Structure formats: structure tokens, C-alpha cells
Amino acid sequence: YFPEQSAYALDQIVQLAEENGLYLKLVIMEKSDALYYKLDDDGSFVLDGEEDNPDGFYGLGRGNNKTRWLQKSWWRYLQARWGYSPNIHSWEAANEGDPWLETHYQLADEMGKFMHCQVFGVMVGAGDGQRCAYAHPNRHLVTTSFLHSFPAEQFWGNDRYPNVDFADVHAYISTSQVNIPAAELEKM
């Protein structure tokens, strides 16, 4: 189910972005979406009395299951509804995920394969390191972001994940280790 009122609101935002020369990076999934907690890896639903599936959002990493099918349906809808616009800069898989979770890396790369190739009917090999090189005019960049840290060797610079287009670093002053002397703070 895709709520049409929300989709229409995003239609208006995309139109305003086009009119004003703005480019949007859209975060397209939420890792804490309750739906994913209620899906077991075999595609069945978590029933009353059973534990939620805390890794449900990631599906089977590179594998296909009900979670990945639902995600691909959503990705296909996004591309069909808003992919025409050159003002969609990029699709962000999820905001501030766990920087050390390999299934997050796999999900982002699989989304890149899908959004760069499969959504346009071009198949890409399964598994690590299978790059999509198809250049469609409505292809948009794909990224993800992490809660903290910059897993360069593990993810951003790793040949196993070639379908993620750029690194996204979030830096918050309040969480940094910068020590500012009290005398300097008084000058601010």
C-alpha cells in the first residue's frame, strides 16, 4: 500500500525542487519500521508470543525473501513515480545505520543494483562485487549513512560493494571529541 496523500505531497516537493534548482537526497527506508520486525526470514509473520525479528529489515543480506521482495516493490514504485526528475539527486537506503553491520552494507549494495539496473530490466549477477554499469538517463545515485564512524575498508572503499555511489558522513559537534579551551569559548 502506497498512501496517495503522502505521495502527492512528495510530488509537490519534487516540483518545487525543480522550479527552484534544488536537488533532493531522499531517505527511502526506515530500519526501525515495525513491519520488518514482524517478518521472519522465511517470509512468515511473527505471531503472538514469538519474539520479533530484530534483523528483519535486512532480509537475508544478499538473498531474496519476503522482506527483500517488499523493499524491491517500494524501490520500483519510487523510480516509477519520481525517478523521472533530474532533481532527485540520490536515494539513501537508510539513515544512520550500524556502521559495522555487514547486512547493512549488503542491503545498500543490493539497492544500488536494483535502482541502477534491475528497475530498468537489466539483470546483474548475484553476490559480492557484481557491478551494474548500465547508464540510464533516469538513473540516480545511491548511498546510505551510518550512526557514527566511517567504515572505509569494510564498506565505502570495498570492492564487494560497488553499487553504492558516494560516502555520506554525518558529523555532529555535540558528539565530537574536540576540546575547546574555556577562554576560547568565552570569545564565541
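Rings of Phe, Tyr and Trp (its six-membered ring) are taken as a pair if their centres lie within 6.5 Å; planes under 30 degrees apart count as stacked, over 60 as edge-to-face and the rest as tilted. The structure is a predicted model, in which local features need pLDDT of at least 70 and side-chain atom pairs count only at pLDDT 80 or more, while totals for chains, interfaces and linings use all residues. Residues are numbered from 1 along each chain as its sequence is written, and side-chain values use heavy atoms, with hydrogens and water left out.

Under the ring criterion, the count comes to 16 aromatic pairs. One of them is formed by tyrosine 36 and phenylalanine 57, which are edge-to-face at 5.3 Å centre to centre, with 75° between the planes. Tyrosine 36 belongs to helix α2 and phenylalanine 57 to the loop between α2 and α3, so the pair ties together parts that are 21 residues apart in sequence. Helices (H or I, at least four residues) and strands (E, at least two) are DSSP runs, numbered from the N terminus. Both tyrosine 36 and phenylalanine 57 are buried, where buried means under 20% relative accessible area, exposed over 50% and partly exposed in between (1.4 Å probe, protein chains only).

The pair of tyrosine 105 and phenylalanine 155 is stacked, because the ring centres are 4.8 Å apart and the planes are at 25°. Tyrosine 105 lies in helix α4 (residues 102–116) and phenylalanine 155 in helix α5 (residues 152–156), so this pair ties together parts that are 50 residues apart in sequence. Tyrosine 105 and phenylalanine 155 are both buried.

Alanine 34 is exposed, with a relative accessible area of 51%. From alanine 34 to asparagine 53 the C-alpha to C-alpha distance is 9.8 Å, at a separation of 19 residues in sequence.

Helix α1 (residues 4–20) has 17 residues and reaches 24 Å from its first C-alpha to its last, close to the 24 Å expected at 1.5 Å a residue; the expected span is 1.5 Å times one less than the number of residues. Its buried residues are Ala7, Leu10, Asp11, Val14 and Ala17. These residues cover an arc of only 125° around the axis, which puts them on the same side of α1; the arc is that of the directions from the helix axis to the C-beta atoms. The exposed residues Gln5, Glu19 and Asn20 are carried on the face of α1 turned away from its buried side. The cover of the buried residues of α1 includes β1 (24–29), α3 (66–82) and β2 (88–94), with contact meaning heavy atoms within 4.5 Å. Glycine 21, with a positive phi near 65°, follows α1.
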